[in-house]
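This briefing is meant for someone opening the structure for the first time. Please look over the sequence and the model shown below, and then read on.

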Amino acid sequence: MAGDLIDLDQTPKGDAPRLRTYGVGSAGCNMIAASPFPSVAFSTSPADAGRVPADRRLTVTADRLVGLYQTDPGVVAQMPSILGDDVLALFEDTDVAFLMTGLGGVAGSIGTCVLGMAAMAKCPLTISAVALPFSAESERRRSFALKCSRRIMSSVDLSIVFANDALSGLAPHMPLSRAFDVLNGIMQRPAIEAANVLGKAGVRTFKEALGPNTHGRFGLGLARGDDRVAKVVDEALSSPWFDFAAEEARVAVAVYSAADPWDKEVARILDMLRRSMPSARIAYGSYRDDGLKDRIRLSLVLCTRPAASE
Ligand SMILES: Nc1nc2c(ncn2[C@@H]2O[C@H](COP(=O)(O)OP(=O)(O)OP(=O)(O)O)[C@@H](O)[C@H]2O)c(=O)[nH]1
Ligand SMILES: [Mg+2]
């Protein structure tokens, strides 16, 4: 129901969900290089999958990938074996599949569409984090990226879209490879937050809170000092990736962390978020992170209507 609050800390904790990150294509393999989770490298080039630490790797030909991409997702949902045992095996023993890619090329864009279908057939929760190409890249590349982004959104549970264009603001004066490292680290955040606040049994509550095929954008705040709560909320809400007004959010997922998490700060954050998005369902969680010292962090995913209606 719109406007309600869902406390993820109250969901059963028990066993931690088995979360796996999937790096798809050349950029995707870069993105999992520093993953703190068991990870899978998937591409059309053995060089991509071979250069990053991963506990599972698969290289498939571009021809096979294109054939699988052209298969009707409804048919795959009924008969996942069409994808092949090697692809399906990547999702064994996985509760949360977190797919990462840079869209625009063949391996990452088509690969994520295909792995999204496999993950949805095999795993309780599938989230994708995809980067859109820079405006300066070719029109053909950008329109292919958008087409695949829409297809990914309409198949996985939650697709979080990051525009590479925001890099110039986030990491000005940095060489591109370092700026990519910064962004690739930020793109891991939603997976890290999910692993910290969701127990295995809470995955279903989270998925129900999201609703089907949800389209998300990510914002991050970090702040210290007396007014750290106001600052952290302002910074998260000023994310360069929010390309719609906060009040249009249908669902928001907010995760607060601190070395000394404090219920009062959670309540203030929720109060401020509620004022910015009065009709959104807000799912929230918190955890202790000693590394933050005197700072607090707020990770925010704002979700709009299901992709199917876009
Ligand atoms: N965020 C981020 N984006 C990247 C990175 N490397 C490349 N990109 C972006 O990702 C897009 C896809 O590029 P690649 O990953 O090289 O393409 P691919 O999926 O391997 O596709 P093919 O090589 O054509 O099969 C590019 O157009 C860039 O915008 C990275 O490390 N991080
Ligand atoms: Mg490539």
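Predicted model: local features only at pLDDT ≥ 70, side-chain atom pairs only at ≥ 80, totals over all residues.

Ala-62 counts as partly exposed, since its relative accessibility is 32%, a value between the limits of 20% for buried and 50% for exposed.

**Ala-62 in its setting**

- Ala-62 is part of helix H3, which covers residues 62–69.
- Leaving aside residues up to four places away in sequence, Ala-62 touches Thr-44 and Val-106.
- Ser-43 lies 19 residues from Ala-62 in sequence, and the two are 8.7 Å apart in space when the distance is taken from C-alpha to C-alpha.

**Helix H3 against helix H6**

- Two packed helices are described by the angle between their axes together with the distance between those axes.
- Helix H3 packs with helix H6, which spans residues 106–122, at an angle of about 50 degrees and with the axes 9 Å apart.
- The crossing of H3 and H6 is left-handed.
- On the H3 side the contact involves Ala-62, Leu-65, Val-66, Leu-68 and Tyr-69, and these meet Val-106, Ala-107, Ile-110, Gly-111, Cys-113, Val-114 and Met-117 of H6.
- Sorted by class, the residues in the contact of H3 with H6 are 11 nonpolar and 1 polar, with no charged residues.

**Helix H6 against helix H7**

- Helix H6 also packs with helix H7, made up of residues 139–153, and here the angle is about 5 degrees while the axes are 9 Å apart.
- H6 is therefore roughly parallel to H7, as the angle is under 35 degrees.
- From H6 the contact is made by Ser-109, Ile-110, Thr-112, Cys-113 and Met-117, and from H7 by Phe-144, Cys-148, Arg-151 and Ile-152.
- The contact of H6 with H7 divides into 6 nonpolar residues, 2 polar residues and 1 charged residue.

**The chain as a whole**

- The protein chain contains 12 helices and 11 strands.
- For 310 residues a compact globule would have a radius of gyration near 19 Å, and the chain agrees with this because its own value is 19 Å.
- Taken along the principal axes, the C-alpha atoms fill a box of roughly 55 × 45 × 35 Å.
- Of the 310 residues in the protein chain, 54% are buried.
- Among contacts between residues at least 6 apart in sequence, 76% join residues that are at least 24 apart.

**A buried residue in a strand**

- Ser-39 belongs to strand E3, which runs over residues 39–43.
- Ser-39 is buried because its relative accessible area is 5%, which is under the 20% limit.
- Not counting residues up to four places away in sequence, Ser-39 touches Arg-20, Thr-21, Ile-32, Pro-53, Ala-54, Asp-55 and Arg-56.

**Positive phi angles in loops**

- Asp-93 is not a glycine, although it has a positive phi of about 55 degrees.
- Asp-93 is placed in the loop between helix H5 (85–89) and strand E5 (96–102), and its relative accessible area of 46% makes it partly exposed.
- Asn-213, another residue other than glycine, has a positive phi near 45 degrees.
- Asn-213 is located in the loop between helix H10 (202–210) and strand E8 (214–223).

Note on methods. Residues numbered from 1 in each chain as written. Chains lettered and ligands numbered in written order. Heavy atoms only, no water. Axes fitted to C-alpha atoms, helices over the stretch in contact; angles between N-to-C directions. Helix = DSSP H or I, 4+ residues; strand = E, 2+ residues; numbered from the N terminus. Left-handed = near helix turned anticlockwise from the far one by under 90°. Contact = heavy atoms within 4.5 Å. Nonpolar A, V, L, I, M, F, W, Y, C, P; charged D, E, K, R; others polar. Rg over C-alpha atoms; globule rule 2.2 N^0.38 Å. Buried < 20%, exposed > 50% of the residue type's maximum accessible area, 1.4 Å probe, protein only. Parallel < 35°, antiparallel > 145°, perpendicular 65-115°, else oblique.
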